Amino acid sequence: NAFISKGKHTISIETDYSGSLWIDELGIETVTNPLVSITSFFISPTNSGKIPINVTFTNPVTGFQTTDITVNNGSISNFSGSEMQYSFDVTPATEGYVTIDIPANVAQDENNEGNKEAIQFVINYDVSAPQPQLNWELESLTNKTKIPINVSFNEPVKSLLSSDFDLVNCQVDSFSGNIII
């Protein structure tokens, strides 16, 4: 595989003149609209009230400004950058998914080619702690030595261990769980 940089190129192919069809010269012009990516070093979900965002173009561009960015469930502040690198913060409005979009043709490169549309950036803003609910099928007074207790949460949790429970006058005999999303 050969990678051809942007611009005009001429390729000459030598032949053995055996009567086969050949190309003596082939002109190629590559035209590449700037690609744009939206990233953050924060992972989803996050509970941060400000989410730092980076925008990277594959070619230097002009004309890119904060009004070119669509944020759902948040607002932009601290916008800065030039040419290929831009950054800003997003402050989520409410819990839930925050999405960021940059449409096509909002910034232009030196050949006046507009950027391609960015892949939507999505991050879940979650500041509420999971709420557990305990359920069991036995009466409060029992002489049973093992009491099965089911614990459910109002949102997905991970890395839950039996040692995470504060127990008084008892111990965990077995512990298992299901992931339900």
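Phe-79 counts as partly exposed, because its relative accessibility is 29%; that class lies between buried, under 20% relative accessible area, and exposed, over 50% (1.4 Å probe, protein chains only). Please note that this is a predicted model, in which local features need pLDDT of at least 70 and side-chain atom pairs count only at pLDDT 80 or more, while totals for chains, interfaces and linings use all residues. Residues are numbered from 1 along each chain as its sequence is written, and side-chain values use heavy atoms, with hydrogens and water left out.

Phe-64, by comparison, is buried, at 6% relative accessible area. Phe-64 and Phe-79 form a tilted aromatic pair, with 5.8 Å between centres and 55 degrees between planes. Rings of Phe, Tyr and Trp (its six-membered ring) pair if their centres lie within 6.5 Å; planes under 30 degrees apart are stacked, over 60 edge-to-face, and the rest tilted. Phe-64 sits in the loop between β4 and β5 and Phe-79 in strand β6, so the pair ties together parts 15 residues apart in sequence. Strands here are DSSP runs (E, at least two residues), numbered from the N terminus. One aromatic cluster unites Phe-57, Phe-64, Phe-79, Tyr-86 and Phe-88.

I turn now to the core. The largest nonpolar core has 22 residues, and Phe-57 and Phe-64 are among those with the most contacts inside it. Such a core is a set of buried Ala, Val, Leu, Ile, Met, Phe, Trp, Tyr and Cys residues joined through side-chain atoms within 4.5 Å. Its largest share, five residues, comes from β4.

Technical notes
Helices (H or I, at least four residues) and strands (E, at least two) are DSSP runs, numbered from the N terminus.
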